[in-house]
Amino acid sequence: MKEFTTLKRMQTFDFAVLGDTQSPSDLSHLNKILEELDKKESAFMIHVGDIIDESSKFNQWDQTLGVFNKYENIRSTDLVAALGNHEYMGDGDGSLAKAILNFPENGPEIDKGGTYSVDYNNMHISVLGYSTNANILDQQLQWLKEDMNHSDKLWKILVTHQPPYYTNPFGGNELMKEKIPPVADELGIDIVFSGHDHSYGRTKKLKNGQEDSNGTVYVVAGTTGNKHYDAVVDEKFDFVNTDNIAVSMSAHVDKNKITFVTTSSDGDFIDEFTVVNEDYED
């Protein structure tokens, strides 16, 4: 017999954020991270993409998702994930990843099943699928504007694979830096979670490219696998981890504030910060 709890609109809850895994030969870091998360009651988990290294190799899906399936709480917790560039490796249109992960198809025609949105409690989460094409990104962003403006949720969260503000200057993220921040400013997005750079970091609250108490925090979620890039720190970032380690983020939402604690796969403390929603009303 399986038991489940129906969703109530809560203002206090927990969730987790996972960085790129992309570790087909060694999933030990992911395993340790999920083992600890399984002890908690998370409303959902966010994964910023590159769950696997090559999408066309089914054994990678089988092995990686098998780690998620090992843990009773984890396998019954929703996974809100972005498609990364490795979800398109060997599968040009991402159809395999979209079929396996079975995301909502409420996004734009240009990226059904890759770009989508969901609501959890007092939070609206929009996800943009991976693209390096400016025309596709423009269509995704037009959908994002409509999607966010139709939501009455008080927290506005965006998930992308490539980070608009990045720790790896060689990651090919310039298009995201050009296109995403102006839309985040316009929509009043609170936090943008991204991956791709495999080094954890978070910016100050930014608006118009400058520190602003009403701005957006951009988070590069690091890695849950072995692959790591050297990080470059600039003045936009409040914190960057330069160690070659796997990390995960645990988040506690309490009405108008979210407290994040980032730890290594070995349980070592890395970072803690709080984001306050200045416009929040009960």
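This is a predicted model: local features need pLDDT of at least 70, side-chain atom pairs count only at pLDDT 80 or more; totals for chains, interfaces and linings use all residues.
Figure 1. The buried residues of helix α1, which spans residues 28–37, are H29, L30, N31, I33, L34 and L37.

**Figure 2. The chain as a whole.** Six helices and 15 strands make up the secondary structure of the chain. The C-alpha trace spans about 45 × 40 × 40 Å along its principal axes. For 282 residues, a compact globule would have a radius of gyration near 19 Å, and the value of 17 Å for the chain agrees with this. Of the 282 residues, 56% are buried. Among contacts with a separation of 6 or more, 70% join residues 24 or more positions apart.

**Figure 3. The surface and charges of the chain.** The accessible surface comes to about 12,500 Å², and carbon and sulfur atoms contribute 44% of this area. The side chains include 24 positive and 47 negative ones. The centres of these two sets of charges lie 3 Å apart.

**Figure 4. The largest nonpolar core.** In soluble globular proteins, nonpolar side chains tend to be buried together. The largest such core in this chain has 42 residues. Within this core, the residues with the most contacts are F15, M123, I125, F193 and F260. Strand β13, residues 247–254, gives the most to the core, with four residues. Another core lies apart from it and has 20 residues, including M148, L187, I189 and Y218.

**Figure 5. The surroundings of M123.** Neighbours within four places in sequence are left aside in this view. M123 is then in contact with the aromatic residues F13, F15, F44 and W155.

**Figure 6. Two loop residues with positive phi.** D50 is found in the loop between β2 (44–47) and α2 (58–69). Its phi is near 60°, a positive value in a residue other than glycine. With a relative accessible area of 1%, D50 is buried. H196 lies in the loop that runs between β7 (191–194) and β8 (200–203). For H196, likewise not a glycine, phi is positive and near 75°. The relative accessibility of H196 is 13%, so this residue counts as buried, the limit being under 20%.

**Figure 7. E272 in strand β15.** E272 has its place in strand β15, which covers residues 269–276. Its relative accessibility is 46%, and E272 therefore counts as partly exposed. Not counting residues up to four places away in sequence, E272 touches R202, T259, F260 and V261. One of these, F260, is also among the residues with the most contacts inside the largest nonpolar core. E272 and N31 are 241 residues apart along the chain, and their C-alpha atoms are separated by 23 Å. N31 itself is one of the buried residues of helix α1.

Figure 8. The loop between α4 (95–101) and β4 (116–120) holds N102. At 63% relative accessibility, N102 counts as exposed, because exposed means over 50%. G114 is 12 residues from N102 along the chain, and the C-alpha atoms of the two are separated by 9.4 Å.

Notes: Residues are numbered from 1 along each chain as its sequence is written. Side-chain values use heavy atoms; hydrogens and water are left out. The radius of gyration is taken over C-alpha atoms; the globule rule is 2.2 Å times the number of residues to the power 0.38. Buried means under 20% relative accessible area, exposed over 50%, partly exposed in between (1.4 Å probe, protein chains only). Contact means heavy atoms within 4.5 Å. Accessible areas come from the Shrake-Rupley method with a 1.4 Å probe; for residues, only the protein chains shown count as cover. Lys and Arg count as positive and Asp and Glu as negative; His and the chain ends are not counted. The place of a charge is taken as NZ of Lys, CZ of Arg, CG of Asp or CD of Glu. A nonpolar core is a set of buried Ala, Val, Leu, Ile, Met, Phe, Trp, Tyr and Cys residues joined through side-chain atoms within 4.5 Å.
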